[in-house]
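Please open the model in your viewer and keep the selection panel at hand.

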Amino acid sequence: MLQVMMERAMREALSEGADQVEVFGVSSRTLSVYLDDSALKNVEEKLDRGISVRLARGRRLGEASTTLRGRGDVERCVADALGGTRVSQPDPDFQGFPSGGGDLPGEPEPLDMGDLVESMDLLVSACHEEGPVKVPTGMLRAATVRSMVINSNGGETGQQGPLTYGHVTSMTTDGSRGEGVERFYFPSPEELDFASLGASLGRKAVDSGRAETFQGKEALPVFLPPHQLAEMLLHSVGFAVSGENVLYRRSPWTGKMGERIASRELTVMDDPTRPGMLSAPADDEGVPSSRKELIRDGELRSFLYDSYNAGKAGAEPTGNALRRSASASQGLYRNPVGISPMNLVLGPGEKGPEDLIGSFDRALLVERFSHPEINPITGGFALEVRCAHILEHGESTRTVRHALLVGNMYSALGNLAGVADDARMFGPTVVPTAGFHGMELVGLGPGEGDR
Amino acid sequence: MNDEMQRAVGMMEREGAGSCDARYQEMMTLTIKVVDGTVRSLKRDRMGGICLRSRIGGTWGYSTTVDTDKDSISRAAREAVRQAGMGDAPGEPLPKAVTESRTMGSGAKMHPVDICLEDKLEAVNLLDQVQRVDDRVANTNSTYTESVRKNTLVNSFGAEKEWEEVRTAIGCMTVAADSGRTEFHYDSKDGTKGFELIMGSDLQTMGAECGQEAVKMLSAGKPPSGEMVCITDPGITGTLAHEVIGHAAEADEVVKGRSFLTGRVGEQVASEDITMIDDGTLEGAHGSIPLDDEGVPSSRSVLIQDGVYSGYLHTLETAATMGVEPTGNGRAEDYSRRVWARMTNTFFEPGDWTLDEMVEDMRYGIVTDKPISGMEDPVGGGFEAQALRGYLVEKGEIQGMVRSFALTGDALEILKTTDAVGLEFRLDGGFCGKGIEDMVPVSAGGPYCRSRIVVGGD
């Protein structure tokens with residue numbers, strides 16, 4: 001039904017005067033279970049279907065999207081997109097929608113709600129075994145998402161697959177205010193070890209409950225585990241290699257192609273040929289994807305493009321135009337096309353994280369920030385540490401919280417202390433633990449002057 | 001549609017639901033983005049669908065679909081009841097608080113559907129053009145958005161409600177670059193208003209000042225680090241109100257003991273100068289709603305009165321659990337999302353200090369200027385916010401500008417140190433997530449406040 005409606009939208013747009021048309025469509029079935037206080041609180045099934053239409057009359061562009069509910073939705077969406085072309089100015093940078101592509105996907109495998117309920121039961125039981133801990137909130141989502149893109153230049157491709165995303169918290173029940181958080185992403189729930197996740201969640205709450213308020217300041221090597229480093233790399237490297245950000249001079253790496261922008265030991269790829277949440281043979285414009293070196297031995301090697309910005313830059317599109325998400329399955333047709341790595345991979349090291357961190361006299365291993373957010377334009381950050389370990393020769397001597405970790409991510413890439421071998425999938429990334437010099441931990445205590 | 005919804009509610013009751021409702025929504029959104037003087041996106045979006053929600057014991061079954069024919073709605077109704085039966089959460093019967101039928105308009109004076117596209121485009125083009133105040137402006141970005149959300153709710157208490165929400169926003173961000181350094185500045189205006197929000201805005205000044213401030217930031221210095229006297233601007237004050245106290249006041253966190261404010265009603269938790277409110281009835285504010293997504297009228301809830309903790313924000317269910325009246329805070333991002341206890345417009349009440357008086361009284365410290373982000377910590381009560389920039393204060397005088405930095409600490413400890421609350425008051429609109437997702441429109445704000453806070457930045 002989705003494909004039929006997409007083709008109808010294409011015919012309608014061409015018959016109403018569009019010169020070029022692209023139709024992106026998604027249908028999804030999402031099952032979710034929510035936990036409250038370790039009990040099953042919400043059980044949900046969600047069915048969704050919609051399209052996005054981009055079209056051009058000459059070089060005047062228009063775009064619209066709609067949920068496909070019934071009669072008239074396709075025609076209204078096309079009319080909305082055409083309406084945009086009547087007021088917009090010709091865009092000299094528009095080069096057309098890409099041609100070519102691959103296969104359209106078939107029907108997805110069915111999902112079972114019972115599997116989700118059992119998985120969460122397993123996680124909660126394992127968490128409870130770690131001490132005085134409960135699971136106050138938790139969500140597990142499994143979805144089948146079928147996306148397609150067709151265009152009037154003969155482009156036609158699509159993706160279909162399962163998506164599993166969970167976000168669960170734990171907390172101590174002994175009054176110590178300890179909290180643990182696990183977010184996990186996998187293409188399929190069968191690939192997840194829910195007992196291990198539950199045990200890890202319980203330990204994190206207990207660790208956090210033991211954490212002391214950090215006092216004073218200290219500069220020391222800082223190691224970031226995969227679930228924190230992944231987001232920091234997406235906010236920095238992911239932003240800086242976007243061809244759009246380079247064209248608009250928002251990227252700090254504008255004009256630095258071929259220059260050394262990181263330590264020699266650092267190699268970062270976008271590798272959609274490896275398993276990943278968004279890995280696929282083509283992007284959401286239908287452009288074939290490929291493995292690309294973004295940073296090789298510390299040197300900047302490539303930028304990422306969608307078709308529009310590639311045309312503007314005089315480059316080829318790289319297959320990095322995405323509307324899909326690593327965690328969401330609903331309303332994807334509403335998302336604008338954005339440039340993003342499909343599967344950001346940080347080249348792993350050879351040592352395990354324990355051996356690597358153990359080789360330093362003193363180091364900080366962050367368990368959790370409040371939110372690992374980087375200022376993508378400057379790279380600056382000052383992140384609230386909610387739980388971290390100070391280690392001496394690999395042994396934890398203190399667990400701390402209520403402190404800020406201060407640094408700059410673009411500078412940190414040039415001050416690498418080491419990369420471990422424990423790469424893990426997190427969102428659209430596969431990232432191991434890595435350590436950096438040049439950061440400072442700032443805690444409670446007298447500052448620079450006083451009232 | 002209303003007849004089909006009534007039929008679905010009847011079916012869920014017959015299938016065994018204790019309480020149930022049907023929510024149908026249509027949302028129309030227009031977004032115009034102009035970058036460096038070129039329209040990069042002009043997009044209309046129409047979304048809609050129906051949610052059938054059923055409760056057995058304390059477990060909810062949700063079934064949502066975009067197919068609104070009779071058979072699809074019947075199937076979804078049966079699924080909602082079946083799913084509610086899979087859980088074992090305990091729960092009190094819901095209060096019959098939503099029984100009357102009602103239809104409410106948005107109150108927009110210049111409804112967006114009555115304004116031509118050309119006028120909207122002209123506004124956002126002007127905003128983009130005037131940001132280019134200097135050769136060091138590297139990139140200009142301007143966005144106009146409008147949304148019209150039409151809601152219909154039918155529930156098992158016999159109520160049938162229809163209401164509309166209209167929101168309009170315009171914002172800009174300027175990136176400035178010089179000698180290898182890059183900084184940005186932003187500004188925005190938003191509210192539960194129509195195009196009158198744009199007509200009442202001085203876009204020329206807004207855009208030009210954004211450009212000028214981005215350029216000034218190229219010479220901002222390194223921020224200090226450590227615990228110090230800090231005057232939080234209305235934006236950062238609002239971040240503290242929203243992220244720490246507001247999220248912890250959401251009663252679904254309280255009933256399971258996840259909030260650090262659990263059991264603290266009547267306790268002195270802040271300086272006597274502090275009064276904090278959540279108010280969904282404020283005319284024109286971005287977080288205002290006539291009714292929540294369970295059909296309960298929004299209200300003004302006092303969270304802290306003169307430093308004493310006073311109450312929580314409720315859904316129908318948490319009100320039943322705690323034996324109080326619902327407050328109209330049961331909100332969902334859209335028809336396909338869960339209803340949670342959520343904030344509306346959350347703020348500290350103003351005091352009587354001017355900013356100059358606060359600064360004159362300081363030997364050393366910092367004044368924040370605009371928030372970038374913040375994060376909640378209902379379990380630990382920790383405060384975390386990122387300021388876009390700030391100003392150092394030495395010997396009672398404002399000195400140089402410093403670049404972005406963070407603020408952190410135990411929120412209640414910070415509020416106990418608050419010794420000056422300002423006159424000037426502002427609310428900033430935005431969107432709030434819970435558990436990372438489920439974004440709902442809110443606003444947060446307050447006055448300038450002087451407290452002791454840990455700050456740090458690169």
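Select chain B and display its surface: the accessible surface amounts to about 15,300 Å², and carbon and sulfur atoms contribute 46% of that area. The model is a predicted one, in which local features need pLDDT of at least 70, side-chain atom pairs count only at pLDDT 80 or more, and totals for chains, interfaces and linings use all residues. Residues are numbered from 1 along each chain as its sequence is written, chains are lettered from A and ligands numbered from 1 in the order in which they are written, and side-chain values use heavy atoms, with hydrogens and water left out.

Along the principal axes, the C-alpha atoms of chain B fill a box of roughly 70 × 55 × 35 Å. The radius of gyration of chain B is 23 Å, which agrees with the value near 23 Å for a compact globule of 458 residues. This radius is taken over C-alpha atoms, and the globule rule is 2.2 Å times the number of residues to the power 0.38.

Of the 458 residues in chain B, 65% are buried. Here buried means under 20% relative accessible area, exposed means over 50%, and partly exposed lies in between (1.4 Å probe, protein chains only).

Next, select B:N155, which lies in strand β5 (residues 137-155) of chain B. Is B:N155 buried or exposed? Its relative accessible area is 7%, so B:N155 is buried. Beyond residues up to four places away in sequence, B:N155 touches B:V9, B:C20, B:D21 and B:V98, where contact means heavy atoms within 4.5 Å.

Select the cysteines next. How many disulfides are there over all chains? The count is 0, a disulfide being a pair of cysteine sulfur atoms within 2.5 Å. For B:C51, the nearest cysteine sulfur is that of B:C20, 11 Å away. B:C51 counts as buried, at 1% relative accessibility. For B:C230, the nearest cysteine sulfur belongs to B:C449, 10 Å away. B:C230 is buried as well, at 0% relative accessibility.

Move on to chain A, which has 9 helices and 24 strands. Its radius of gyration is 24 Å, close to the 22 Å given by the globule rule for 451 residues, so chain A is as compact as a globular protein of that length. The C-alpha trace of chain A spans about 70 × 55 × 50 Å along its principal axes. Buried residues account for 64% of the 451 residues in chain A.

The last stop is A:N153, in the loop between β4 (133-151) and β5 (156-172) of chain A. With a relative accessible area of 33%, A:N153 is partly exposed. Which residues does A:N153 contact, leaving aside its neighbours within four places in sequence? They are A:Q20, A:F97, A:P98 and A:S99. Finally, select A:G96, which is 57 residues from A:N153 along the chain, with 8.6 Å between their C-alpha atoms.

How values were computed:
Helix = DSSP H or I, 4+ residues; strand = E, 2+ residues; numbered from the N terminus. Areas by Shrake-Rupley, 256 points an atom, 1.4 Å probe, with all protein chains shown as cover.
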